[in-house]
Amino acid sequence: MPQKKIAFIFLLLNSIFLNYTFAQKISEVDKIVAKYPKSFATTEKLAERIEEDFSSDYDKARAIYSWIAFNIKYDFNAFLNPPRTQGFSYSTEAEKQHKIKELNDRLWQKAFSSKKAVCEGFTALYQHLAELTDLKSEIIRGDSKISLRDIGRKNTSSNHAWNIVLIDRKWRLIDVTWGQGYFDNSKGRMVNDFSSVYFDTDPDYFFAKHFPDSGSYLGYRLDKDAFLDGPLIYNKTIENDFKIKSPTTGIIEAKYGDKIDVEIKNVKKSDQILYLNKRNQPVLIKNAKEKRGGLEFQIPYDNNIGEYVTVFVNTNSIVSFKVIPK
């Protein structure tokens, strides 16, 4: 491959690797909501507009997601300098729920008026607008998996929040915070870049990147070790349903000379498969084989492989693994 082409691909891949969120397909609901005013006098006015334009619960839930993602920015300064946590006391469950509601009311009011929030504000605003449009929604708090360092962590922490919403008697998973954009490490700032993949996300993908504090979802226990030790997946993985069939863990033990077997569902032979070595140089996979509706290929483990290896499909980061030398 010519040196100029390699350099171009390297720069492109490096940018994509840092920016883990990507623009997604825009639905008809999104197109309508994109024409809404950026500000409404009250949340009731916004809810009325949504109910005028959309009749199904699914479209209303999507419209709320889209408006928040289009218009509320992530407050990275607040994330870096969080306010001091204030606890509260209560004597009954009713009093507890009343105080939680007061807290959430302050969060959504601030998000709606300032157009800035961290995840608590995004989720509180989503829940509030859902209630105004006769949708049942709940806020879930838990852990999130967004960086290479998260692969193989020892414990979960409560560092994120998201919503579930009941549509057609089925609970749907929603993370509108991640729908609005991403943090660009190269620029040192948040970038607004609408993503649809965190609206009604497949639970298999969602819980690869989220783990609730309760350790359960709809009464089913989730596998904490599978979350902590699983590979890191990206938005294009979810958008294209690129299921990672092998390795089944995000932590690979290998010695020099071993070959790491990788199998990804729904990847085609015509797709270009690459991985990055430890110098962030792209290495093209040339001998991928078709297998069970996807591709199977090998990555040789040698001294060019660093602590992490990331696989790309057509320049989009798809999955990252942590490699531990035997």
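Trainee: Which residue is the bridge partner of Ile167 in S5?

Mentor: Lys170 in S5 is the bridge partner of Ile167. This is a predicted model, where local features need pLDDT of at least 70, side-chain atom pairs count only at pLDDT 80 or more, and totals for chains, interfaces and linings use all residues. Residues are numbered from 1 along each chain as its sequence is written, and side-chain values use heavy atoms, with hydrogens and water left out.

Trainee: How many bridges join S4 to S5?

Mentor: Strands pair if DSSP finds at least two bridges between them. Strands (E, at least two residues) are DSSP runs, as are helices (H or I, at least four), numbered from the N terminus. Here five bridges join S4 to S5 (residues 170–174), and the two run antiparallel. They form a hairpin with two residues between them. Asp168 in the turn has a positive phi of about 50 degrees.

Trainee: Which strand do seven bridges join to S4?

Mentor: Strand S3 (residues 136–144), also antiparallel to S4. Arg141 stands opposite Ala161 in S4.

Trainee: Is S4 mostly covered or uncovered?

Mentor: Buried means under 20% relative accessible area, with a 1.4 Å probe and protein chains only. In S4 (residues 160–167), seven of the eight residues are buried, so defined.

Trainee: What describes two packed helices?

Mentor: The angle between their axes and the distance between the axes. H3 (residues 43–53) and H7 (residues 119–132) pack at about 60 degrees, with axes 9 Å apart. That makes H3 oblique to H7.

Conventions. Axes fitted to C-alpha atoms, helices over the stretch in contact; angles between N-to-C directions. Parallel < 35°, antiparallel > 145°, perpendicular 65-115°, else oblique. Buried < 20%, exposed > 50% of the residue type's maximum accessible area, 1.4 Å probe, protein only.
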